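Q: I have a model open and would like to learn how to read it. Can we go through some features in turn?

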Amino acid sequence: MLSKSKIFFKGIVAVLPHMLSVIPFGIITGAIGIELGFDPILVYATSLIIFGGASQIIFMQLLSGGASSLVAITSVGVINSRHLLYGAVLSEYLEKLSFIKKLLISYFIVDQGFAESNKYIKQNKNLSNPHYYVLGTGVTLWFCWQLSTISGIILGSFIPEELGLKFAIPLTFLAIIVNDLKKLDHVFVMLVSGFASLILFNAPFKSYIILSPIVALIAAFIMLRFKK
Amino acid sequence: MTWFSIIVSGIVTYFSRMAMVALIDREMLGTKVKEVLNYVPAAVFPAIIFPGIFFNDFGSFVEITDPKIYGAIVALVVGFYSRSVIATIVSGLLSYWFIIFFLLR
């Protein structure tokens, strides 16, 4: 039986490779905020209060471009609504927690942490304390995100743009799903989502980020009906 | 006004993280919904991957010769056989850098 701290530690280790994209992305996010003319405290506040990479950049870009608060808030809400899906999956593993603990752990639900936790917990079904794994991934991502946005705020984007590290973002998400590439049903859902995102890319409020998964999940639902 | 927007955005984002974990009872979800939830990673992440590869910074489609496409193919193959997160990311980045720094010079 794995102790709580061991499970927590395993969660930390699982998300470390993702730092290759998270840290440069954090630095860029902090630096962009300053470039757009926001007060350093405000830029950092987005990391602490919103805590969601892409949504923070778009939030600041919209406001500095003269968009209304309502537009900025709506965009953040739309982009981050994908967490509802993560929560729906994770709720199975977090079911036994007290309400207060559920409220606390929710703050740490992040893309890469969700994906790694889901992968690990599915492979280790009789884990007694799966939430320590979720927490290990989430807390690590949180710390790295805070530190990297702070360094971007203070030092500017000191990573040369020529390196094209933006490309690390699709790669980190690709690394998350390669495990499922041998399952044809999953590949089908991935292709539906991918092509939907290309078609819906210009939909308002960046809504392709939630519309494409919805289209793909409907496709999954239909596929499951035919399989039976 | 900016502070107000940050705080409301933070509340909205936190709600998206918390709602399904803390407010929804799993008994409320039927078996069909639970089955479909198995596909959440497959449904969500390609919507981040595809635009990251096939669109440039200005929101238009990249050329078929774009280094990102080939970096992604290398990462996909390496990832498929190694099943390693670090190998997938590193192979994709290295092949991308190899193309932009050596082949395109």
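This is a predicted model: local features need pLDDT of at least 70, side-chain atom pairs count only at pLDDT 80 or more; totals for chains, interfaces and linings use all residues.

Q: Into which domains is chain A divided?

A: The assignment for chain A gives domain 1, residues 4-163, and domain 2, residues 181-228. Taken over C-alpha atoms, the centres of domain 1 of chain A and domain 2 of chain A are separated by 23 Å.

Q: How many residues does each domain of chain A bring to the contact?

A: Domain 1 of chain A brings 8 residues and domain 2 of chain A brings 6 residues. On the side of domain 1 of chain A that touches domain 2 of chain A, helix 5 (residues 69-80) of chain A gives the most, with 4 residues. By class, that side of domain 1 of chain A has 4 nonpolar, 3 polar and 1 charged residues.

Q: What are the domains of chain B?

A: Chain B has domain 1 (1-28) and domain 2 (39-103). Between the C-alpha centres of domain 1 of chain B and domain 2 of chain B there are 31 Å.

Q: How is the size of an interface often given?

A: It is often given as the accessible area lost when the parts come together. Here the contact is described by residues: 74 residues from chain A and 58 residues from chain B.

Q: Which helix of chain B supplies the largest share of the side that touches chain A?

A: Helix 1 of chain B does, with 18 residues. Several helices of chain B each supply at least two residues of that side, including helix 1 (2-23), helix 5 (67-82) and helix 6 (85-103). By class, the side of chain B that touches chain A has 41 nonpolar, 12 polar and 5 charged residues.

Q: Where in chain A is Phe205(A) found?

A: Phe205(A) is in the loop between helix 11 (184-200) and helix 12 (208-227) of chain A. Lys206(A) is likewise found in the loop between helix 11 and helix 12 of chain A.

Q: Is Lys206(A) buried or exposed?

A: Lys206(A) has 20 other C-beta atoms within 10 Å, so Lys206(A) is buried; the cut-off for buried is 20 or more. Phe205(A) counts as partly exposed because Phe205(A) has 17 C-beta neighbours inside 10 Å.

Note on methods:
Residues are numbered from 1 along each chain as its sequence is written. Chains are lettered from A and ligands numbered from 1 in the order in which they are written. A residue is buried if 20 or more other C-beta atoms lie within 10 Å of its own, exposed if 12 or fewer, and partly exposed in between; C-beta atoms are placed from the backbone. Domain bounds come from an automatic or database domain assignment. Two residues are in contact if their C-beta atoms, placed from the backbone, lie within 7 Å. Ala, Val, Leu, Ile, Met, Phe, Trp, Tyr, Cys and Pro count as nonpolar, Asp, Glu, Lys and Arg as charged, and the others, Gly among them, as polar.
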